[in-house]
Amino acid sequence: MQHINLTFFLELGSSLAQLRFFAKSEAAIPMLDAWPPVHDLDDKLSRMLSGDPVFLEVSNGPASNLRQTLFYLRQRHFNNANGDLDFEKDWGANTVPAWEFTLLPLDVFQNVLIAEFSNSATFCVPQRWGYHTPTLIADATVCSELTNRADFQGTARTDLREAGKCLAFHMPTASGFHSARAVEGVLHRYFQHFLGKTPPRGTMGTLLDQLDALAKKGASPLPEPKTLRTLREIKDLDRNPLAHPEATLDMLSAKALFELAGVAIMRMLVEIAPPQAVSPTP
C-alpha cells in the first residue's frame with residue numbers, strides 16, 4: 001500500500017495540454033515558454049516508468065516512446081553538443097517550430113493511460129467517525145495518545161497500528177483481532193512487573209486469574225482494580241469470542257474494542273512505568 005499524491009496527475013495533464021496547445025499554434029514557440037512543460041512531462045514520465053507514484057503495465061510502452069521523442073526534441077533545441085542545457089542561446093528569442101510538437105505521441109500515451117486507469121484497482125477510503133483517515137492508516141497509535149510513549153513498542157505497537165488500518169479499510173473483525181493482540185502483548189509485561197516472573201504459556205484468562213489473586217492478597221505493588229476490570233471485559237466480551245472462527249465483529253464493535261484497547265494499554269503502561277523523580281521543595 002502506498003500513498004498517491006493526486007496533484008501529480010493534475011500536473012501531468014496540464015503539461016500534456018500545454019504541449020498539445022503548442023502543436024496547434026500557427027506561430028513558433030519561444031524556447032522559454034516551451035521548456036517548462038517539456039521538462040515537466042519528461043520528469044513525470046521518468047517517475048512513472050520507475051513506478052512512482054504508480055506502476056504502469058499497459059502504458060509503459062507509450063510512455064517510453066513519448067519520452068524518447070521528448071529526448072530528441074530536447075537534443076535539437078535545448079541541449080548543447082555535450083547533452084547539457086544550452087544556456088548560450090537566447091531562450092527568449094530562439095523558438096521551437098510548432099509542427100515539431102505534432103511529432104510527440106501525446107494522444108497515444110494519454111488514451112492508453114486513460115484505458116489503464118479505468119481498470120486499475122483505485123479506491124477511496126472514507127472517513128470513519130471522527131478519525132482522520134490518513135492517521136488511522138499511517139499510525140493509529142496517535143488516536144490513543146500512545147504514539148510518543150517509548151515504552152510502547154514491538155509487536156503490541158504494530159498490532160494497534162494494524163487495528164486502526166483495518167478500521168479504515170472496513171475490516172472490523174481483523175481490527176478487533178489486532179486490538180486484542182495489542183492488549184495481550186502489553187499484558188505480558190504487566191504480568192511480569194507485578195508477579196516478577198515470565199508469563200506462563202496460556203490464555204489471557206490465566207494471566208488475569210493470577211493478577212486477581214495477587215490483588216486479593218493485598219501485597220504491594222498491586223495492579224489497579226479498574227485496569228483489571230477493563231482487561232477482564234476485553235477478554236470476556238471480545239478476546240475469547242474472536243478466538244472462534246464463526247465470530248465476527250461489526251464496525252461499531254470493532255471501534256469500541258479499538259478504543260477500549262487503547263485505554264487498557266495506557267493504564268497498564270502508566271502502572272508499570274518507573275516512578276518519576278520528585279525534586280525537593282526549596
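1. Salt bridges. A search of the whole structure, which is a predicted model, finds 16 salt bridges. Side chains of opposite charge can pair when their charged atoms come close.

2. Asp107 and Arg20. The side chains of these two residues meet in a salt bridge, with an N to O distance of 3.0 Å. The pair links distant parts of the chain: Asp107 belongs to helix α5 and Arg20 to helix α1, and 87 residues separate them. Asp107 counts as partly exposed because its relative accessibility is 45%, a value between the 20% and 50% limits.

3. Asp40 and Lys44. This salt bridge has an N to O distance of 3.0 Å. Both residues are in helix α2, four residues apart, which is about one turn of the helix. Lys44 has a relative accessibility of 2%, so Lys44 counts as buried.

4. Arg149 and Asp151. Here the side chains meet at 2.9 Å, N to O. Arg149 is partly exposed, with a relative accessible area of 22%. Asp151 counts as partly exposed too, at 22% relative accessibility. As for shared partners, salt bridges join Glu11, Asp40 and Lys44 into one network.

5. Helix α1. This helix covers residues 7-23, 17 residues in total, and reaches 25 Å from its first C-alpha to its last, close to the 24 Å expected at 1.5 Å a residue. Its buried residues are Phe8, Phe9, Leu12, Ser15, Leu16, Leu19 and Phe22. These residues cover an arc of only 145° around the axis, so they lie on the same side of α1. Leu10 and Phe21, on the other side of α1, are exposed. The cover over the buried residues of α1 includes β1 (29-30), α2 (31-49), α3, α4 (98-101) and α5 (106-118).

6. The largest nonpolar core. In soluble globular proteins, nonpolar side chains tend to be buried together. In this model the largest nonpolar core has 39 residues, and those with the most contacts inside it are Leu187, Tyr190, Leu231 and Ile265. The elements that give two or more residues to this core are α6 (133-138), α7 (154-168), α8, α9 (204-217), α10 (225-242) and α11 (251-272). Helix α11 gives the most to this core, with 11 residues. Leaving aside residues up to four places away in sequence, Ile265 touches Leu146, Phe152, Leu160, Ala182, Val183 and Val186.

7. A second core. A separate core of 28 residues includes Phe22, Ala34, Met48 and Phe101. Phe22 is also one of the buried residues of α1.

8. Arg74. This residue is in helix α3, which spans residues 60-77. Arg74 counts as buried because its relative accessibility is 17%, and the limit for buried is under 20%. Not counting residues up to four places away in sequence, Arg74 touches Trp35, Val38, His39, Asp42 and Asn79.

9. Glu184. The place of this residue is in helix α8, residues 172-195. With a relative accessible area of 13%, Glu184 is buried. Its contacts, again without residues up to four places away in sequence, are Thr203, Met204 and Arg239.

Methods. Residues are numbered from 1 along each chain as its sequence is written. This is a predicted model: local features need pLDDT of at least 70, side-chain atom pairs count only at pLDDT 80 or more; totals for chains, interfaces and linings use all residues. Side-chain values use heavy atoms; hydrogens and water are left out. Buried means under 20% relative accessible area, exposed over 50%, partly exposed in between (1.4 Å probe, protein chains only). Contact means heavy atoms within 4.5 Å. The expected span of a helix is 1.5 Å times one less than its number of residues. The arc is that of the directions from the helix axis to the C-beta atoms. A nonpolar core is a set of buried Ala, Val, Leu, Ile, Met, Phe, Trp, Tyr and Cys residues joined through side-chain atoms within 4.5 Å. A salt bridge is a side-chain nitrogen of Lys or Arg within 4 Å of a carboxyl oxygen of Asp or Glu.
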